[in-house]
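Please look over the sequence and the model shown here, and then follow the explanation below through two parts of the fold.

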Amino acid sequence: MTVRRILLIGGTGVFGSRLARHLAGFDRFDLILTSRDGAKAQGLARSLRHAEGTRVSGIALDHRHDLAVRLAEIAPWLVIDASGPFQGASYDVPRAALEAGAHVIDLADARDYILGYGTALDELARSRGLVALAGASSTPALSAAAVAELTKGWQRIDNIDIAITPGGRSEVGAAVIAAILTYAGRPVPIWREGELQETTGWLDSRVVTMPRLRRQRVAAVETVDAQALGPTLGVTSRVAFHAGLESWIEQWGLMALARLRQAGLVGSLDRLIPLLIAARKLTRITTSDRGGMLVVATGLDDSGRLRRAGWSLLAARDDGPQVPTLAAAAAVHAIRDNLLDPGARTAGGALSLAQIEAEMRRYAISTKIETEPRDRGIFEQALGEAAFTALPEPLRAFHGATGAPVWRGRARVENGRNPVAWLIRWIIGLPEAGNDVPVTVCVERIASNGSKAEIWTRNFGGSHFVSRLHLDGAESLHERFGPVTFRLGLAAQDGRVGLPVVAARLFGVPLPRFLLPRSEAVEEIDAEGRFRFDVRLTLPLFGLLVRYAGWLTPKA
């Protein structure tokens, strides 16, 4: 059997050294680890236990200088680049490797680098009969593989939410921190309302429940998933990728830096890298060695039934940093076994979930898939089947379990002028006044945390506000806007739906009746057969809070 030579660039880094230990267990490979410090690479090589028939050595190599010459000397079968960060990197390393006759794998997660990879290198790779994969890491390789497994055969994918929460005690290198800081407070892509939009890195945050782990705040990070999965899979509403740090000091500290940068009060954050690495010696004291990853998809399954499907990963005993290396390890096997066609492309979609999970067997890493069907929407449960079935078709389509998740139209918005009304609108995030305002409403029919609730996100001309609708034990409908929760007297009559406010709570405290807002909210169909809404909220003593009225149709 042929012994194949693998050159691992960055083999002594946080992820490179983990990958080196894993690859050393493969049979019949000649594994060469590189570092700018040759003694460091040699020391690591000597410390690794390796399989019979496999040889491990270390050399000094700086991939930024004379790489083509060194590759000609080494003559590798495969080059793996684990050096990072890949933000702003060129394609000099993979190009030099391909020209030297070697396959290429890297652990890149940088969006622009991955997006341009195939265009820059595919012709060269095909002409040499070689495979070149970018992003053989947690994203996009593992995230895309999980999505593909969860949504196999589905008729429609509405939302994809991905979150990573590493254990706080895991080692973090300068390259990882540098990569994070490049997009903190900067625009990052998100697939929202069924199209590519932007949000702000480390500021667009939410709380998720990581299965078998903890509830944790996570924030938007820059990955290629939104741009890759959204259009490729025809996702009708949202693709979002969030990450969270177990230490609340680190999480809120990074979010504060992002806020300062967004406001233009600070520029480059690179000079803070040594300080942040030093600070982790203190912040990690209160954290654990357990981390996780969560991929959740909602949509219509192969039978046309609304379904939520989630894949979760739990890594214990500080094996979390091993996860970003496992797709690269799986790719080594796939290339060796001739399972991948020649060419240069993203690793997202190149590997199956089973191939990557097979590399987890050595570690304290477990995965789990959970699915949950939903046969009825919130409104159908609250109204009852007979009353819901009697509604006009546009209302049933909007509120039904299998209805389109994104609706668009136009509206008119009126605002009261009282300062108290302005303050309440600002707290809730209600829109500014305007005529013929473009409106988009996204209905998340199964909340991403799996709770029996719907999340409505309204976009009035770029002004977003979100509400959460749920049923209590008595099947009464509640809608929460920030700190305010309304109990609605939902009723259907003569083809119309009314939603008057019958009770309210502020931060969980019941409001007395004399402070209760008055709601005149109606849903019906207009003369053109479209879904029509008219919502008017008034405050005791202070008059009009807001009124917004208009029409909606499903987004094509």
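The paragraphs that follow take up a glutamine and its surroundings, and then a set of paired strands.

This is a predicted model, in which local features need pLDDT of at least 70 and side-chain atom pairs count only at pLDDT 80 or more, whereas totals for chains, interfaces and linings use all residues. Residues are numbered from 1 along each chain as its sequence is written, and side-chain values use heavy atoms, with hydrogens and water left out.

Q216 belongs to strand 11, which covers residues 214–220 (strands are DSSP runs of E with at least two residues, numbered from the N terminus). Because its relative accessibility is 6%, Q216 counts as buried, a term that means under 20% relative accessible area with a 1.4 Å probe and protein chains only. Its side chain makes a polar contact of 2.6 Å with the side chain of R214 (a pair of N or O atoms within 3.5 Å, of which, within protein, one must be able to donate a hydrogen and the other to accept it, while residues adjacent in sequence count only if both atoms are side-chain atoms). The side chain of Q216 also reaches the backbone oxygen of L245, at 3.2 Å.

How values were computed:
Helices (H or I, at least four residues) and strands (E, at least two) are DSSP runs, numbered from the N terminus. Buried means under 20% relative accessible area, exposed over 50%, partly exposed in between (1.4 Å probe, protein chains only).
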